[in-house]
There are 4 protein chains.
Amino acid sequence: MKRIGMLTSGGDCQALNAAMRGVAKALFNSGEKVEIYGFQDGYQGLIYGRFKLLTYADFTGILTKGGTFLGTSRTPFKTIQVPGEDGVDKVAAMKQTYYKLQLDCLVILGGNGTHKTANLLRTEGLNVITLPKTIDNDLWGTDMTFGFQSAVNVATEAIDCIHTTAASHGRIFVVEVMGHKVGWLTLNAGIAGGADIILIPEIPYDIDKLAKKIKERHDGGSRFTILAVAEGAISKKDAELSKKEYKKKLSKRTQPSVSYEIAEELGKRCGLEVRVTVPGHTQRGGSPCPYDRVFASRLGSEAGKLILKNEYGFMVGYKNREIVKVPLEEVAGKLKMVDPDSSIVKEAKLLGISFGN
Amino acid sequence: MKRIGMLTSGGDCQALNAAMRGVAKALFNSGEKVEIYGFQDGYQGLIYGRFKLLTYADFTGILTKGGTFLGTSRTPFKTIQVPGEDGVDKVAAMKQTYYKLQLDCLVILGGNGTHKTANLLRTEGLNVITLPKTIDNDLWGTDMTFGFQSAVNVATEAIDCIHTTAASHGRIFVVEVMGHKVGWLTLNAGIAGGADIILIPEIPYDIDKLAKKIKERHDGGSRFTILAVAEGAISKKDAELSKKEYKKKLSKRTQPSVSYEIAEELGKRCGLEVRVTVPGHTQRGGSPCPYDRVFASRLGSEAGKLILKNEYGFMVGYKNREIVKVPLEEVAGKLKMVDPDSSIVKEAKLLGISFGN
Amino acid sequence: MKRIGMLTSGGDCQALNAAMRGVAKALFNSGEKVEIYGFQDGYQGLIYGRFKLLTYADFTGILTKGGTFLGTSRTPFKTIQVPGEDGVDKVAAMKQTYYKLQLDCLVILGGNGTHKTANLLRTEGLNVITLPKTIDNDLWGTDMTFGFQSAVNVATEAIDCIHTTAASHGRIFVVEVMGHKVGWLTLNAGIAGGADIILIPEIPYDIDKLAKKIKERHDGGSRFTILAVAEGAISKKDAELSKKEYKKKLSKRTQPSVSYEIAEELGKRCGLEVRVTVPGHTQRGGSPCPYDRVFASRLGSEAGKLILKNEYGFMVGYKNREIVKVPLEEVAGKLKMVDPDSSIVKEAKLLGISFGN
Amino acid sequence: MKRIGMLTSGGDCQALNAAMRGVAKALFNSGEKVEIYGFQDGYQGLIYGRFKLLTYADFTGILTKGGTFLGTSRTPFKTIQVPGEDGVDKVAAMKQTYYKLQLDCLVILGGNGTHKTANLLRTEGLNVITLPKTIDNDLWGTDMTFGFQSAVNVATEAIDCIHTTAASHGRIFVVEVMGHKVGWLTLNAGIAGGADIILIPEIPYDIDKLAKKIKERHDGGSRFTILAVAEGAISKKDAELSKKEYKKKLSKRTQPSVSYEIAEELGKRCGLEVRVTVPGHTQRGGSPCPYDRVFASRLGSEAGKLILKNEYGFMVGYKNREIVKVPLEEVAGKLKMVDPDSSIVKEAKLLGISFGN
């Protein structure tokens, strides 16, 4: 007999339902008696005791559905880490729910923030298994996260659409791609969409070099230029600021995002019409792509297997094409960034893509 | 022997290439000797004599391609209507190119602005046939324009994606849909995407009623609300302003668009998190949907037929499921708007959709 | 107070759920007290009394889902028309269920076969409202049926995929398109997919002329030829047979379908490799396209309105872009076919498409 | 100065153009003077000296296009391996073209058959670099081939479509998936599409166990069953036959493929309606998915890099998320099959998927 608690936390993404279905199918099909409690809206459900006993039917027909049928939220995390404040109470509340329901384990699906809290719960003595969910692919300890490839697809489709309009009008177009503080999503969507220029946080750009590059292109007969710009892209100047100074600068930004700033600067420097498109939250929505469905199902089923073997304290990750278990303390608090000297960046340069630096 | 000039003008959209292919195939397959000159970047190509003699091969393989292989532009139109200024010269320049190439006819693909100029050229004695191109579906004299259904698809897909993230997070989401000054695109994408609220220019909204409606929904247990908002949506207050006052107000707008204003106001009034997504130019890009491919091909082939019969001065339109010819003077300068009392609006209301008024 | 029975019958298609949601929303939002009973698996549920009282929640979140959540079946119809046999009992059984549940009306979603039975029930004194569901678009009395445009999209996507492989290999490809005994689906998908040849039941083909046309194409430098062939396509020879003779011939067919016969004959005559692709049932599955979602929702809501006004005995159809009510007796037993002299066929010919006749 | 010959051979697939663009961009952007000769229709072009000098423009705008702009063919390979027959002449002819054009290297894109010939040319002294193209993912020496993920997407979409119709009608559906003699494509599309049963060549099925499994499912309340069946699926009985006996048996098959045989057998044994769908060649067509675009571009650019460094005799492959060079002699003639004891198969079983054995 196993009693499992399950929750999804942080920004939603594609294949969360597929992953949960994987866990549940592996458990229900094992022959062992299993109870799965689903907590509503992430850690909030655990804190405030909002949950539902789930049946096999709850996990049927959800493989292809975007979002998370349990709901999610970001809020509790913000204060949870601060001992002495109300954060401590929240941890206590979560532990209370856990013990009251006599859970054997919590299955937690989330990204970076979620993993910090998951690891905190582990140090507090709870059994935890996590699954790497994020469109940003920025989780340490795993080559891949689910949601990422689906988000690449959405972002690429946006660039594809922009391509035809950019070519028709002879315009410069900036497509802002999500990805939080890392460039994985922009790098992949940019290559896939045939972007001419890719700006990612890991390679700060120089606005003057960028403008020069674009002018050269148009002088050389190119009719249009497409820039895939990460929402976390940063200029060389800003990258030299201290964290505090940069935050202060951001707080004074009048443009909605970095893409608009870049567009404005390029417009001035190049004398060309520059347009901005922000696919935004569409990148985390919609049905998961087949890659993510398979990947999330595989991870989920392996999580179920670990639970049946009473192996806790791990994130189920992916290394060198094999599913692996990664100790939670190694995952929490770290960011997996794009290495500017990695082969994919070099290959992008071979393809003629400029990183604006 | 026929000598045809062809150009695409105004904002690009899907199925422009399909329509031109339709014209060309009908002409080339007719047995008659035909020369087709393609003008670059809309009226600019006609004005400055930038053109290319096109062959059958130029129209092959373009049925499924977005954009326009001739290029397009909006600029020349702005000043062209002003006699006594450089507008006159432009008309003269266009006539000169027309006569120099000994054209029998101009085939012009465009929207409202384009049709004004096309009609002007007609009154100046040129033979003109036009095709109704716009994602806005706002052209007078035709039930449908090509590009519209493809744009509905892109906008609906955006709402579909937002649906899963809105449901997961329990958020209010505003999706801003294109459509210029009319609500066709928003109305259709909104119904197709299952939006709870649809705001269109033809039905000015009352922000207080809107906030009340959303509060009622959430008090009644709805976890999320999706608003499809036309880029041209307008509040009742603003609708009462004179054109001049409204323009002045718009010029002082600090938000990027009406959606952000609405989001801010609703956030204040409802105390809920409101997010905005703007699919933007993606709505006019990408491969045309099958509906538009068929529709544009049909219109194009009928344009070819008219040319072979020396019937000029018409827009090829669509009325009651038949392709019809509409005198250009009836089309130019008019806008086809959504009638607030039309059956589709009433049906939307039956479905429980609120128009915020 | 209204008591409504609802069922879907015949082959499933896209937007059935959207249409039922439209009916339900219009009824539930009307303020009047409403009970909706859903019958399982078409008329079978009505005959054998298998039903479920449906709530508002049953119609939530189904707008974008393919298939029918009520299930469907084809079987009962076959014998139902034969008085004196068990057909009579079935009608009696259906009436019994209707009166037992004290229904005010049956809402029946279906195609041609379904409408015959629906009309029979009407003549037996039951209140019936029907909705035109079929990917074939062959229902009399309505310009359009829901499911059709979604099926056009699936079939066109198949042709698009085949295009790249046909072009790469220089092959002749036959894509078999559904559509039952009429050519609407093939005609539209064929034009949208850029097929070179379209064969539909309404225009019997001549295999020798077909072979000659293809040889001419390839002699003229065409690298490949794509044929969109309706599953009901028929040769001139076979079209001259009596119904009985043709049935007999079909029963002796060794090939899986007409496409394989045509491929074999063309292979022999042209000396070229001919491949066949049959997208089959995929054409009636998957999420409805935005056009069908809007269309089915509109029809459904108007059905709800008719019920609220106690107007029965109609199919809710579509004529000249308006939703209309069509007396059931006019619909049943008739087939809406493609007119070989219609403008869309003529336009296809202008585009250079051959009908093989 | 580099003179490169380029050709695509074997069945076409998605991202061939993307890969060639990658090679060309890396070469043209290198600063070195480069001439690229494109051979038409695979080895045929090399044999018969049908080629074209390609420019930068030939590789522009082809990233998203399916198929191969050079054309491909399968035929020459069949006899090429037989010394003493006309095969020898063909090799000689290929060498002659190579030397006549003074090529530095041949870039060959293809699958298993193609690689045998490529290796043969290498042993004959030609410089060869190959790229792993196949939707089957059966090439030895690389974790992944381009085309595969795009084909998974098409096959999964077909299963998704079938899902709604299977659920509506309560039917058993067999979806036949490509993949030649290996199960990669079926395994991935089957998991992604939520198939209940997956049959692959590497795990021969037992028709009686299969029938029993389906009966159990339906007795247990399942309304439908979906089988993803590889085109190369084989029964245990047939797997025990000698190659010769099996070939003989295949030659006498009256059904078009194994799926129809299985459907017939299951229909008899289960007493349920079983339908077959064969997406066929659509699986290798259409625009490449973003994953394949990135992957093929990366491989292509690395091939360009190798050429610039005069490193020949390799296939550019993918191992543990890094691009690697694999000696051609290790690749040729081997098949990468699904290991029945691999983790992905075990995970599929955890998900409740049966392999019918």
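This is a predicted model: local features need pLDDT of at least 70, side-chain atom pairs count only at pLDDT 80 or more; totals for chains, interfaces and linings use all residues.
**Domains of chain A**

- In chain A, 15 residues of domain 1 are in contact with 14 residues of domain 2; two residues are in contact if their C-beta atoms, placed from the backbone, lie within 7 Å.
- The side of domain 1 of chain A that touches domain 2 of chain A has six nonpolar, five polar and four charged residues. Here Ala, Val, Leu, Ile, Met, Phe, Trp, Tyr, Cys and Pro count as nonpolar, Asp, Glu, Lys and Arg as charged, and the others, Gly among them, as polar.

**Contacts between chains**

- The contact between chain A and chain D takes 38 residues from chain A and 37 residues from chain D.
- On the side of chain A that touches chain D, at least two residues each are supplied by helix H1 (16-28), helix H6 (148-169), helix H7 (184-192), H12, strand E12 (322-327) and helix H14 (343-350) of chain A. Helices (H or I, at least four residues) and strands (E, at least two) are DSSP runs, numbered from the N terminus.
- H12(A) provides the largest share of that side, ten residues.
- By class, the side of chain A that touches chain D divides into 14 nonpolar, 14 polar and ten charged residues.
- Between chain C and chain B, 38 residues of chain C are in contact with 38 residues of chain B.
- The largest share of the side of chain C that touches chain B, ten residues, is given by H12(C).
- The side of chain C that touches chain B is made up of 14 nonpolar, 14 polar and ten charged residues.
- Chain A and chain C do not touch, and their nearest C-alpha atoms are 11 Å apart.
- Chain B and chain D do not touch either; their nearest C-alpha atoms are 11 Å apart.

**An open sheet in chain C**

- Seven strands of chain C form an open sheet in the order E3-E2-E1-E4-E5-E10-E11, with mixed pairing; two strands pair if DSSP finds at least two bridges between them.
- Strand E3 (51-54) and E11 of chain C stand at the edges with a single partner strand each, so one side of each is left without a neighbour in the sheet.
- From one strand to the next, the twist averages 30°.
- Strand E10 (residues 314-319) of chain C runs antiparallel to E11(C), and six bridges join the two. Lys319(C) stands opposite Glu322(C) in E11(C).
- Helix H5 (residues 112-123) of chain C lies across strand E4 (105-110), strand E5 (128-132) and E10 of chain C, and runs at about 165° to E4(C). Axes are lines fitted to C-alpha atoms, for helices over the stretch in contact, and angles run from 0 to 180 degrees between N-to-C directions.

**Strand E9 of chain A**

- Six of the six residues of strand E9 (residues 225-230) of chain A are buried, so E9(A) is largely enclosed by the rest of the structure. A residue is buried if 20 or more other C-beta atoms lie within 10 Å of its own, exposed if 12 or fewer, and partly exposed in between, with C-beta atoms placed from the backbone.
- Thr225(A), Leu227(A) and Val229(A) are buried on one side of E9(A), and Ile226(A), Ala228(A) and Ala230(A) on the other.
- Strand E7 (residues 172-177) of chain A runs parallel to E9(A) and is joined to it by six bridges; Glu176(A) has Val229(A) as its bridge partner.
- Strand E8 (residues 197-199) of chain A is also parallel to E9(A), with three bridges, and Leu199(A) stands opposite Val229(A).

**Residues with positive phi**

- Asn310(A), which is not a glycine, has a positive phi of about 55°. Asn310(A) is exposed, with 10 other C-beta atoms within 10 Å.
- His180(D), also not a glycine, has a positive phi of about 60°. His180(D) is buried, with 20 other C-beta atoms within 10 Å.

Notes. Residues are numbered from 1 along each chain as its sequence is written. Chains are lettered from A and ligands numbered from 1 in the order in which they are written.
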